[in-house]
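Here is a short report for a reader new to this structure. Please look over the sequence and the model before reading on.

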Amino acid sequence: QLQFVESGGGLVEAGGSLRLSCTASKFSLDDYNIGWFRKAPGKAHEGVSCFTSVDNTTYYEDSVKGRFTMSRDNAKNTVYLQMSSLKPKDTAVYYCAAAPVDLPVQAMCIGRIISGSWGQGTQVTVSS
């Protein structure tokens, strides 16, 4: 079973920054596409950024391009989401998830196609 532990969320003022972490257990990040998703109250999960190690392609949802950066530390089996210039509309619970490595990252993010179920996530709240 794919398991992640997300952390790094918190309360930040608009314009501020946060770095989220997601550590995978029981599997290697190289064996799957990895994505960051978020869920705001009353809304469905939304793909924020998805990465594949097949060709090192990273997809970003339009509203976060230029503000969010996804990275990884293979030695720690951890992926990060550096978020800058945060806006109140970025307020959500953020999750990471995996998908089969042969799935295009855009399909993973836009289609919210993941393997397994959502984890506990980490809350990000941006005040105006």
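## Ser 21 and its contacts

Setting aside residues up to four places away in sequence, Ser 21 touches Val 5, Glu 6, Ser 7, Trp 36, Thr 78, Val 79 and Tyr 80. The model is a predicted one. Ser 21 sits in strand E3. Its relative accessible area is 15%. Buried means under 20%, so Ser 21 counts as buried.

## Overall layout

The protein has one helix and 10 strands. Read from the N terminus, the order of elements is β-β-β-β-β-β-β-β-β-α-β.

The C-alpha trace spans about 40 × 25 × 25 Å along its principal axes. The radius of gyration is 13 Å. A compact globule of 128 residues would have a value near 14 Å, so the two agree.

## Contacts, surface and charge

Take the contacts between residues at least 6 apart in sequence: 62% of them join residues at least 24 apart. Of the 128 residues, 45% are buried.

The accessible surface comes to about 6300 Å². Carbon and sulfur atoms account for 49% of that surface. The protein carries 12 positive and 11 negative charges.

## The nonpolar cores

The largest nonpolar core holds 27 residues. Which of them touch the most other members? They are Phe 4, Ile 34, Trp 36, Phe 68, Leu 81, Met 83 and Tyr 94. Several strands give two or more residues to this core: E3 (18-25), E4 (32-39), E5 (46-52), E7 (68-73), E8 (78-83), E9 (92-100) and E10 (122-127). There is also a second, separate core of 10 residues. Among its members are Phe 37, Leu 103, Cys 109 and Ile 114.

## Two positive phi angles

Most residues other than glycine have a negative phi. Lys 26 has a positive phi of about 75°, and it is not a glycine. Lys 26 lies in the loop between E3 and E4. Is Lys 26 buried or exposed? Its relative accessibility is 68%. Exposed means over 50%, so Lys 26 counts as exposed.

Asn 77 is another residue other than glycine with a positive phi, near 55°. Asn 77 is found in the loop between E7 and E8. Its relative accessible area is 17%. That is under the 20% limit, so Asn 77 is buried.

## Asp 102

Where does Asp 102 sit? Its place is in the loop between E9 and helix H1 (105-111). Asp 102 has a relative accessible area of 66%. The cut-off for exposed is over 50%, so Asp 102 is exposed.

Asp 102 and Ser 17 are 85 residues apart along the chain. Their C-alpha atoms are separated by 32 Å.

Technical notes
Residues are numbered from 1 along each chain as its sequence is written. This is a predicted model: local features need pLDDT of at least 70, side-chain atom pairs count only at pLDDT 80 or more; totals for chains, interfaces and linings use all residues. Side-chain values use heavy atoms; hydrogens and water are left out. A nonpolar core is a set of buried Ala, Val, Leu, Ile, Met, Phe, Trp, Tyr and Cys residues joined through side-chain atoms within 4.5 Å. Buried means under 20% relative accessible area, exposed over 50%, partly exposed in between (1.4 Å probe, protein chains only). Helices (H or I, at least four residues) and strands (E, at least two) are DSSP runs, numbered from the N terminus. Contact means heavy atoms within 4.5 Å. The radius of gyration is taken over C-alpha atoms; the globule rule is 2.2 Å times the number of residues to the power 0.38. Accessible areas come from the Shrake-Rupley method with a 1.4 Å probe; for residues, only the protein chains shown count as cover. Lys and Arg count as positive and Asp and Glu as negative; His and the chain ends are not counted. The place of a charge is taken as NZ of Lys, CZ of Arg, CG of Asp or CD of Glu.
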